[in-house]
Amino acid sequence: MPQLYIKICGLSTAETVAAAVAAGADAIGFVFAPGSPRTVAPDLVATLLAGIPEHVETVGVFRDQPLAGVLETARRSGVSTVQLHGDEPLGDITAAQAAGFRTLRAFSAGAYARLDDAARALWDNERILLDAIEPGAGVAFDPADVLAAPPAGQWLLAGGLNPDNVAHLAMVLRPDGVDVSSGVESRRGVKDPELVKAFIAAARSVR
Ligand SMILES: O=C(O)c1ccccc1N[C@@H]1O[C@H](COP(=O)(O)O)[C@@H](O)[C@H]1O
């Protein structure tokens, strides 16, 4: 198995961005969806991204927001990737790609498992993120849902991951990558650089 792709999400300070990059994160995420304790302003993200190495993917997280605003925020902040974490249609993904962004489309693992073949096939060429029912809440998905219907293409796993469970779940479920927010926080919305390091080390141990 190639090395797991690791995304650390919900960053909001220069210190935790630097810690995630130094520890070897492949991607760092910033929440632009309103109503989260991690919601950040695009102009703040633009300053946090100054000097980030080119190889680190930078992801803006949105949830059921109008496409025009998504693209405007993504451009203003300078992220390379748009993560759509609601019920957005495939057309929003292809529009973001046409605008020059990489994309991630999140589904709850249960909702994805319940898609019929035709509905699932629509997403076969897209990068998928399977998550728990409540994003960013540290709630676990049901592994049976993930095993029932793993995506055909590249996919990331999220939902209640932490330094103690990520290696085991990745070995059993075999995603291409993992994504974490709550599991590397000392309290809701506050990242802990030591937990970020421990998560990345644990995920890197998976072969
Ligand atoms: O983190 C949030 O607050 C958030 C808000 C709206 C949509 C997505 C959000 N986060 C995503 O949730 C998972 C991480 O979940 P967990 O906290 O580790 O259980 C990840 O994909 C984030 O991008």
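## Model and domain

Helices (H or I, at least four residues) and strands (E, at least two) are DSSP runs, numbered from the N terminus. This is a predicted model, in which local features need pLDDT of at least 70 and side-chain atom pairs count only at pLDDT 80 or more, while totals for chains, interfaces and linings use all residues. Residues are numbered from 1 along each chain as its sequence is written, and side-chain values use heavy atoms, with hydrogens and water left out.

An unreviewed UniProt entry lists residues 6-201 as "domain: N-(5'phosphoribosyl) anthranilate isomerase (PRAI)", an annotation that may be inferred rather than shown by experiment. Over residues 6-201 the chain is 37% helix and 21% strand, with the end C-alpha atoms 10 Å apart.

## Shell around the ligand

The ligand is surrounded by 23 residues, each with a heavy atom within 4 Å of it, and the closest are Ser36, Arg38, Gly160, Asp179 and Ser182. Strands β6 (128-131) and β8 (177-180) each supply at least two residues of this shell.

Taken alone the ligand exposes 510 Å², of which the protein buries 97%, with accessible areas coming from the Shrake-Rupley method with a 1.4 Å probe.
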